[in-house]
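Subject: Handover of a structure and its findings

Dear colleague,

Please find the structure below, together with its sequence.

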Amino acid sequence: MENELLRIDYTNVDRPTVLGRDLHEALEVQTAYKDWFPRMCEYGFEEGKDFSSILSKSTGGRPQQNHQLIISMAKEEAE
């Protein structure tokens, strides 16, 4: 995602979101997403309030866990 902006989902106009895996990639985090995201939640973020969990469609293997993060949570993680 070098030199690209994160795609923002405006489905809910009052609470735009970004995908956690997109943010993880843009920040070039070396820790695996499955380990990084729970660590971010330790800052007091709550499911249903700050993010929602989603599973990707399976392409033959196990579905991949992802998260829709509200912008304020994404900003906190980016700092």
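This is a predicted model: local features need pLDDT of at least 70, side-chain atom pairs count only at pLDDT 80 or more; totals for chains, interfaces and linings use all residues.

Residues are numbered from 1 along each chain as its sequence is written, and side-chain values use heavy atoms, with hydrogens and water left out.

The chain as a whole

Read from the N terminus, their order is β-α-α-β-β-α. The radius of gyration of the chain is 12 Å, close to the 12 Å of the globule rule for 79 residues, so the chain is as compact as a globular protein of that length. That radius is taken over C-alpha atoms, and the rule is 2.2 Å times the number of residues to the power 0.38. The C-alpha trace spans about 35 × 30 × 25 Å along its principal axes.

Of the 79 residues, 29% count as buried. Here buried means under 20% relative accessible area, exposed means over 50%, and partly exposed lies in between (1.4 Å probe, protein chains only). Among contacts in the chain with a separation of 6 or more, 44% join residues 24 or more positions apart, a contact being heavy atoms within 4.5 Å.

The nonpolar core

The largest nonpolar core has twelve residues: V18, L23, Y33, W36, F37, M40, F45, F51, L69, I70, M73 and A74. Such a core is a set of buried Ala, Val, Leu, Ile, Met, Phe, Trp, Tyr and Cys residues joined through side-chain atoms within 4.5 Å. At least two residues of this core come from each of helix 2, strand 3 (65–70) and helix 3 (71–78). Helix 2 gives the largest share, four residues. In soluble globular proteins, nonpolar side chains tend to be buried together.

W36 lies in helix 2 (residues 33–41) and is buried, at a relative accessible area of 3%. Apart from neighbours within four places in sequence, W36 contacts G20, L23, H24, L27, V29, T31 and E77. From W36 to S52, 16 residues along the chain, the C-alpha distance is 16 Å. A74, with neighbours within four places in sequence again set aside, is in contact with V18 and L23.

Residues with greater accessibility

P38 is also found in helix 2, yet P38 is partly exposed, with a relative accessible area of 43%. P38 and R7 are 31 residues apart in sequence, and their C-alpha atoms are 22 Å apart.

E28 belongs to the loop between helix 1 (20–26) and helix 2. With a relative accessible area of 55%, E28 is exposed. Its phi is near 55 degrees, a positive value in a residue other than glycine. Most residues other than glycine have a negative phi.

D14 sits in the segment before strand 1 (17–19) and counts as exposed at 72% relative accessibility. The C-alpha atoms of D14 and F37, 23 residues apart along the chain, are separated by 24 Å.

With kind regards
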